[in-house]
Amino acid sequence: MPLPLVCFEGFELNTERQRHGETGLVGYRAFVGFPKKLEFELALALGPVLLLLFSWRIFCKKGYMNIQGKAYHTIWMKAGDAAVVQIIDQRHLPHKFVIEDLHSMDEVAVAIKEMHVRGAPLIGVTAAFGMYFAALEGQRAADPKAYVRAAADKLKATRPTAVNLAWAVDQQLAELEQTEVLQLANRYLENAERFKSESIERCKRIGEYGLPLIEAIFQQTQKPVNILTHCNAGWIACIDHGTATAPIYAAHNTGIPVHVWVDETRPRNQGARITAFELKEHGVPHTVITDNAGGHIMQHGLVDLVIVGTDRTTAAGDVCNKIGTYLKALAAYDNGVPFYVGAPSSSIDFSLKDGLTEIPIELRGEEEVTHIQGELNGEIQRVRLTPTGSRAANYAFDVTPARLVTGLITERGICAASSEGINGLFKEHVNS
């Protein structure tokens, strides 16, 4: 038996992580070219040095995505300043990496509405921090609790489709009547940090449950696994790991060769701008394609698996996600390509049954369609695409019927996109 191939790409004591409230060593990537069940047996046979390397590989799989070799989350409290929340401003990616300071509930609302932050899990956590600011500001209001309720309404109105936002705000509101005004901000901050930690854990587990899907394809083909994804359901849309990308990162970190087809995702090009950016930073092979190319490459056998995210999934398994997802599901169904959804429970709306009639679809501004942003000579510039005077419709999401979804990858396992499948994993929501 040949010795295992150990691939190690560096480590460092990361001061950025300490600044973001975390400590410890960060592994960029380390993997071993053997099935996981053999690793520790081989390590014991080959000595303590390899055992250390194998242990490091397991540590590396804990997450923390990198930008230029430094580990980041997408949102965090500024060190030493309880009045500032910091975010990665996604509007400037991939050409500039900008950290933005948020100082008030209004600034949080603007950041969500204008997509400084985006992605259902992330906007939920961001809204929870917005409620923290509202509680601080409410201490100076004539009626503090009325101020907080008004702030909650304002935050929930920023993006109507993603269920995570309303869920996070409502969770904070539930504390309002039973918490003293002067203690409310502390309570809301504790909740926001807890929501953040829970979101990271959900995404990590989605990666763990989705990994065997990719492993099985690789075991069968012994070729790189080609995965298509739409929009950005990566770690930048969450806090860490991502939803759709979590199994991809888990496979890549384990040493399974993967290649990702990245839909550009018009009109804001979150795939071309953000998914490609984070895959590149993590060293995952990928190719950006036009939105309309997905069906073609499926017809020619170039896609093994589709994994997308979700902004709201009904209790019956209908999936609302970025506009264009439905067309990918149709193409996958027609070509026999498995179509999976990375669906944390925070994105499942257990109160809804019919996604097509019950989920509100956000209609965004025409300028996102009529104009496009890019880099020219080192400067980010915006240009018009359409004739002046031509109208544009900008539906931000569509609904994929459950019948087109192979399965939902949740933090509790993979289930069918059906009431029975979802209820089997989330029994506490039966009859809710």
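**View 1. Histidine H371 counts as buried, with a relative accessibility of 19%.** Buried means under 20% relative accessible area, exposed means over 50%, and partly exposed lies in between (1.4 Å probe, protein chains only). This is a predicted model, in which local features need pLDDT of at least 70 and side-chain atom pairs count only at pLDDT 80 or more, while totals for chains, interfaces and linings use all residues. Residues are numbered from 1 along each chain as its sequence is written, and side-chain values use heavy atoms, leaving out hydrogens and water. H371 belongs to strand β18, residues 371-376. Helices (H or I, at least four residues) and strands (E, at least two) are DSSP runs, numbered from the N terminus. Beyond its neighbours within four places in sequence, H371 is in contact (heavy atoms within 4.5 Å) with R266, R382, V383, R384 and L385.

**View 2. The largest nonpolar core holds 40 residues.** A nonpolar core is a set of buried Ala, Val, Leu, Ile, Met, Phe, Trp, Tyr and Cys residues joined through side-chain atoms within 4.5 Å. Which residues touch the most other members? They are I75, I112, F129, L155 and Y188. At least two residues each come from β7, β8, α4, α5, α6, α7 and α8, and α5 gives the largest share, 12 residues. Setting aside neighbours within four places in sequence, L155 has contacts that include M105, V108, I112, M131 and V169. A second, separate core has 35 residues, among them I206, I217, I236 and A250.

**View 3. Helices α5 and α8 pack with their axes 8 Å apart, at an angle of about 170°.** That angle makes α5 roughly antiparallel to α8. Axes are lines fitted to C-alpha atoms, for helices over the stretch in contact, and angles run from 0 to 180 degrees between N-to-C directions. Angles under 35 degrees count as roughly parallel, over 145 as roughly antiparallel, 65 to 115 as roughly perpendicular and the rest as oblique. Look for F129 and Y132 among the α5 residues that meet α8, whose own residues there include Y188 and F195.

**View 4. Helices α6 and α7 cross at roughly 170°, with axes that come within 9 Å.** This makes α6 roughly antiparallel to α7. On the α6 side you can find V148, R149, A152, L155 and K156, which meet L165, A166, V169, D170 and L173 of α7.

**View 5. Four strands form an open sheet with mixed pairing, in the order β17-β14-β15-β20.** Two strands pair if DSSP finds at least two bridges between them. At the edges stand β17 and β20, each with a single partner strand, so one side of each has no neighbour in the sheet. Strands β14 and β15 run antiparallel and are joined by two bridges; R312 stands opposite C320 in β15. Helix α12, residues 325-334, packs on the sheet and touches β15 and β20, its direction making about 30° with that of β20.

**View 6. Glutamate E107, in helix α4, counts as partly exposed at 33% relative accessibility.** Not counting residues up to four places away in sequence, E107 touches D101 and L102. The C-alpha atoms of E107 and F133 are separated by 9.6 Å, with the two residues 26 apart along the chain.
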